[in-house]
Amino acid sequence: MKDRIHKFEQTGTYILLDVNSGAVHVIDKMIYDLMDTFDGKNDDDVVAAWQETYRVEDIREALSELHELMDMEQLFAPDIDVPPTFRQHGLVKSLCLMIAQDCNLRCKYCFGDGGSYGQERAVMTPDVGRQAIDFLIEKSGPRKHCEVDFFGGEPLMNMKTVKAVTEYARQREKETGKKFKLTLTTNGMLLNDENIQWLNDNDFSLVLSLDGRKEVHDAMRPDVGGHGSYDRAVKNFKKCIASRKGGDWDYRGVYTYLRGTYTHNNLDFTNDVLSMHDEGFDILSMEPVVLKDSPYAITEDDLPRVCAEYDRLVDAYMKCRREGHGFWFFHFNMDLSNGPCVAKRLSGCGAGHEYFAVAENGDLYPCHQFVGREGYRLGSLSEGVTNTELPQYFRESHVLNKAECRDCWARFFCSGGCHANADLFHGDIRAPYEIGCAIQKKRLECAILVQSLLALERNGQKDEAADKNTANA
């Protein structure tokens, strides 16, 4: 039964997670201790083990409450099985278009070899892009809502195709009843008044790449000539967000967020998150770099410092919230009451079966990180998916089919981690990248803590308001 729960303490708050249901309980020190012994069927053993530490009456009352949670299936909830529909062939819901396999920056940690992905530098033609939209319409079946990510390299280097594909997608929406959500990831160097206005007019969500402090960003993200890119990127990002009707997140559900990367060289990445916030950006993400055999790689020896830094980030995040100038941090944004569906909890992003990347020449891959990797070409837009075994293997590579994931408390939150990272380190998408797992688990604990603290504060405010109303009455 112990593999069905996870408990931890941080900043004096005791948290109990029920793994299968996803229920999170803020508990006291006594229950935290009792859970070392309690398995749902051994009340007398629990009393015997802890009666020298706590009053027997209090232990019995706590056990009664724990049994109530069990009755509600919020503690030691039954195991989750693979739904029958999940075993069937899935529908494609999103595509990542490698609009430009070229880039105007030379980021030192780039997984895509400076945008080329180990191939000749090239850009996607409008015809290939339009073909991709037709492919998505056909393979998505009855699904109405689909997503198209414009990626690179730097996609703004190929605005001709971005515009042509967007125009075609909007036309096909009217003809088919589909609805396309469009997202573009950019380093900001080519953002100008004209294309900012065009992106706004066409309801693009934007992911803006910035690595925090100027010295960190410039060291990691130089241009082709070796010059820093921070000043130009920040100037253009500010102009872009100021032009959007709702700022970072507008009324149409279109979002704009800054995504950073931290490496071995800036393990004090809280400073980078706060630097972006100080620049006026309020929707933020900071991801660990994933590299092999590089001085920038995060190693096992770095993990204690990384974990301590996430604790520091929690403190800084909560301080900003309490002082009235909070921000939205991607990895602390967790819905504890209405989490993802079972299929999403089992397999995460859907790479290789619900999500494909389209290379500039029309070749199909499981996701953008697999582009150019030997053995992962699935087919092409013109010939379709010819490697039919690999998508099914991806679909069946969920947490219940991964030995390292089956008994991990975080399995239904991380969904087994990134397949591309597993392949990079182990040549097997079912063998998770261990350092990534350790970071993910720490980040999840921080997210659960943050959401628990926010919920407690909201409830405290409600109670305070109720008391005031009662006094006024």
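**Entry 1: Leu291**

I began with Leu291, which counts as buried at 14% relative accessibility, since buried means under 20% relative accessible area. I note here that the model is predicted. I located Leu291 in the loop between E10 and H10. I then listed what Leu291 touches, leaving out residues up to four places away in sequence, and found Tyr109, Tyr296, Ala297 and Phe425. I also looked up Gly362, which lies 71 residues from Leu291 in sequence and 27 Å from it in space, C-alpha to C-alpha.

**Entry 2: Helices H4 and H5**

I looked up how helix H4 (residues 126-139) lies against helix H5 (residues 159-176). Their axes come within 9 Å and cross at roughly 30°. H4 and H5 are therefore roughly parallel to each other, because angles under 35 degrees count as such. I recorded the crossing of H4 past H5 as right-handed.

Which residues of H4 and H5 make the contact? On the H4 side I found Pro126, Gly129, Arg130, Ile133, Asp134 and Ile137. On the H5 side I found Lys160, Thr161, Ala164, Val165, Tyr168, Ala169, Arg172 and Thr176. Sorted by class, the residues of this contact of H4 with H5 are 7 nonpolar, 3 polar and 4 charged.

**Entry 3: Helices H6 and H8**

I next took helix H6 (residues 193-201) and helix H8 (residues 230-243), whose axes come within 10 Å and cross at roughly 40°. That angle makes H6 oblique to H8. The crossing of H6 past H8 is right-handed.

I found that Asp193, Ile196 and Asn200 of H6 meet Asn236, Lys239, Cys240 and Ser243 of H8. The contact of H6 with H8 comprises 2 nonpolar, 3 polar and 2 charged residues.

**Entry 4: Helix H9**

I asked which residues of helix H9 (residues 270-278) are buried. They are Thr270, Asp272, Val273, Ser275, Met276 and His277. I then looked for the elements against which these buried residues of H9 pack. The helices on that list are H7 (214-220), H8 and H10 (303-322). The strands are E9 (256-262), E10 (283-288) and E11 (328-329). After H9 I came to Gly280, whose phi is positive, near 105°.

**Entry 5: Helix H14**

I made the search for buried residues in helix H14 (residues 419-426) as well, and found His419, Ala420, Asn421, Ala422 and Asp423. The buried residues of H14 pack against helix H12 (389-395). Just after H14, Gly427 has a positive phi of about 65°.

**Entry 6: Cysteines**

How many disulfides does a search of the whole structure find? The search finds 0. A disulfide is a covalent bond between the sulfur atoms of two cysteines. For a pair to count, the sulfur atoms must lie within 2.5 Å.

I checked Cys103 in detail. The closest cysteine sulfur to that of Cys103 belongs to Cys107, and because the two are 6.0 Å apart, they are too far for a bond. Cys103 is itself buried, with a relative accessible area of 11%.

I then checked Cys408. The closest cysteine sulfur to that of Cys408 is in Cys414, at 6.0 Å, which is too far for a bond. Cys408 counts as buried, at 16% relative accessibility.

Conventions. Residues numbered from 1 in each chain as written. Predicted model: local features only at pLDDT ≥ 70, side-chain atom pairs only at ≥ 80, totals over all residues. Heavy atoms only, no water. Axes fitted to C-alpha atoms, helices over the stretch in contact; angles between N-to-C directions. Helix = DSSP H or I, 4+ residues; strand = E, 2+ residues; numbered from the N terminus. Parallel < 35°, antiparallel > 145°, perpendicular 65-115°, else oblique. Left-handed = near helix turned anticlockwise from the far one by under 90°. Contact = heavy atoms within 4.5 Å. Nonpolar A, V, L, I, M, F, W, Y, C, P; charged D, E, K, R; others polar. Buried < 20%, exposed > 50% of the residue type's maximum accessible area, 1.4 Å probe, protein only.
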